[in-house]
Amino acid sequence: MKQALTLFELNELVRETLQTTMPNEYWVEAELSEVREVRGHCYMELVQKDERTNTPVAKASAKCWKNKWMLMRPYFERTTGQVLRAGMKVLLKVYANFHEAYGFSWIVTDIDPVYTMGDMARRRQEIIAQLKAEGVFDLQKDLHLSMFARRVAVISSEQAAGYGDFLRQLKDCEQGFNFEVQLFPAVMQGERVEPSVIEALNHINAQVDDFDVVVIIRGGGATSDLSGFDTLSLAENVANFPLPIITGIGHERDESVLDMVSFRRVKTPTAAAAYLIDNLADTLARINDAQSEMVQIVRHCMEHQKNRFVRVSSKIPVLFSHVRVRQEERLQQYFLQLTARASRKISDSQHHVQVLSNSLKPMTERKIVTEGHRLDMLQQRCKSLDPQLLLSRGYSITLHQGRAVRHASELKTGDEIETRVENGTFKSIIK
């Protein structure tokens with residue numbers, strides 16, 4: 001009988017073999033497909049993809065124990081400005097570990113943030129290059145912010161302090177401008193940033209005629225949370241948006257791809273509000289300048305016309321004398337013409353009235369005779385239709401519930417009917 005190993009013995013043999021044949025630590029390049037932290041330990045899923053087809057060619061699990069992870073994570077985030085997340089390429093120092101109960105995994109002992117920063121910079125440059133190749137990188141810069149931009153669509157987290165600061169800045173502006181602000185809530189940090197902001201942009205685009213400008217604000221937060229704004233899909237949506245988009249999602253020294261393609265990038269939500277206030281203030285200043293210029297022009301025109309009036313007024317007495325004589329002659333002619341026309345009109349009207357008067361009496365008499373004859377005919381017809389006349393000839397009228405009975409089918413056994421004759425009525429029961 002063949003001697004068999006237990007599973008534990010076999011796994012123990014694998015562990016001892018790995019410890020013997022692979023005792024060293026290795027630097028490995030990989031992409032993170034999953035990262036999660038449990039009770040202070042970091043669990044990673046590593047993957048390598050084919051550069052042409054993007055299909056995985058290798059996968060492995062990795063762990064970083066708490067005592068190492070508590071030192072590595074702050075260093076990595078401080079150096080790169082990013083948190084470890086899925087899709088990020090990393091350079092890890094690992095050693096092989098095989099546990100009889102939990103299987104194989106790589107144990108992480110160090111991470112090189114410089115490698116990740118280089119990959120992030122490369123990916124950012126690739127996104128920028130693709131946007132420029134598509135011809136959309138500067139589309140937002142070609143837009144013009146309305147001089148009267150008051151209707152503002154805001155993409156932010158509803159609970160964000162920055163959103164509150166933005167509203168207060170607009171409300172408390174010293175010029176007293178009245179802004180109409182509508183919030184489109186979105187996730188502003190983490191992996192949900194891209195789809196959440198794109199969804200908010202789609203909602204705004206559905207009612208694009210209701211707004212003048214879009215403001216994307218984050219209001220605080222760690223620099224490491226800016227990674228969600230460095231994506232191709234979000235940048236394309238912003239670049240192609242029909243309204244100017246103002247971004248205030250990072251800090252002064254941090255610029256995301258989203259900032260690069262937006263119409264205007266500012267540091268903070270309050271700076272975004274100040275930009276909108278300044279835009280209206282500039283418009284108001286231009287209106288005031290135009291008003292002052294118009295007043296000066298009107299004054300100049302009035303002065304010119306006043307001088308002209310003085311010159312003309314000196315000539316009026318002489319001109320008025322000539323005009324008066326001519327107008328009196330014209331009025332005399334008009335008076336004579338009006339008198340002649342009125343006389344002719346009165347004569348014609350008197351003749352017309354006389355003709356109408358002569359013809360009115362015969363017409364009236366004929367009308368009275370005709371209508372009298374018509375009344376006689378109607379009276380005779382009414383008499384012939386009088387029900388009492390029919391009753392005097394021997395006819396009767398049968399009533400059921402006050403209505404005349406026209407068909408026997410309208411009655412049934414037991415109905416009481418009333419018969420009306422020339423002299424009186426009587427009732428009957430239908431059998």
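How far apart along helix α9 are E328 and R324, counted in helical turns? About one turn separates E328 from R324, because the two stand four residues apart in α9 (residues 316-384). Helices here are DSSP runs of H or I with at least four residues, strands are runs of E with at least two, and both are numbered from the N terminus.

This is a predicted model, in which local features need pLDDT of at least 70, side-chain atom pairs count only at pLDDT 80 or more, and totals for chains, interfaces and linings use all residues. Residues are numbered from 1 along each chain as its sequence is written, and side-chain values use heavy atoms, with hydrogens and water left out.

**Salt bridges**

The structure holds 13 salt bridges. The term means a side-chain nitrogen of Lys or Arg within 4 Å of a carboxyl oxygen of Asp or Glu. Three of them are tabulated here.

| Pair | N to O distance |
|---|---|
| E328 and R324 | 3.2 Å |
| D415 and K412 | 3.5 Å |
| E12 and R15 | 3.7 Å |

Exposure classes follow relative accessible area: buried is under 20%, exposed is over 50%, and partly exposed lies in between (1.4 Å probe, protein chains only). E328 is partly exposed, at 45%. D415 is buried, with a relative accessible area of 10%. E12 counts as partly exposed, at 26%.

E12 and R15 both belong to helix α1, three residues apart, or about one turn of the helix. A network of salt bridges links E12, R15 and E100.

L5, L7, L10, L13 and V14 form a nonpolar surface patch with about 460 Å² of accessible area together. Patches are made of residues with over 30% relative accessible area and no salt bridge; nonpolar side chains (Val, Leu, Ile, Met, Phe, Trp, Tyr) are joined within 5 Å, like charges within 9 Å. The areas come from the Shrake-Rupley method with a 1.4 Å probe, and for residues only the protein chains shown count as cover. V14 sits in helix α1 (residues 7-21). V14 is partly exposed, with a relative accessible area of 33%.

**The barrel**

Five strands close into a barrel in the order β1-β2-β3-β5-β4, with mixed pairing. From one strand to the next, the twist averages 50°. Strands count as paired if DSSP finds at least two bridges between them.

Seven bridges join β1 (residues 26-38) to β2 (residues 41-49) in the antiparallel sense. Within this pair, V35 has M44 in β2 as its bridge partner. Helix α2 (residues 66-80) packs on the sheet and touches β1, β2, β3 and β5; its direction makes about 45° with that of β5. Contact means heavy atoms within 4.5 Å. Axes are lines fitted to C-alpha atoms, for helices over the stretch in contact, and angles run from 0 to 180 degrees between N-to-C directions.

β3 (residues 56-64) and β5 (residues 103-111) pair in the parallel sense over two bridges. β4 (residues 89-99) runs antiparallel to β5, over eight bridges. β4 and β5 form a hairpin, with three residues between them. W106 in β5 stands opposite A62. W106 also stands opposite A96.

**The open sheet**

A further set of five strands forms an open sheet in the order β7-β6-β8-β9-β10, with parallel pairing. β7 (180-185) and β10 (264-265) stand at the edges with a single partner strand each, so one side of each is left without a neighbour in the sheet.

β8 (residues 213-217) and β9 (residues 245-248) pair over four bridges in the parallel sense. I217 stands opposite G248 in β9. Helix α5 (residues 193-206) packs on the sheet and touches β6, β7, β8 and β9, at about 160° to the direction of β6. Helix α4 (residues 161-171) lies across β6 (151-156), β7 and β8, running at about 170° to β7.

D212 lies in the loop between α5 and β8. D212 is buried, with a relative accessible area of 15%. Leaving aside residues up to four places away in sequence, D212 touches L145, F148, A149, R150, R151, L243 and P244. L145 is 67 residues from D212 in sequence, yet their C-alpha atoms are 7.5 Å apart in space.
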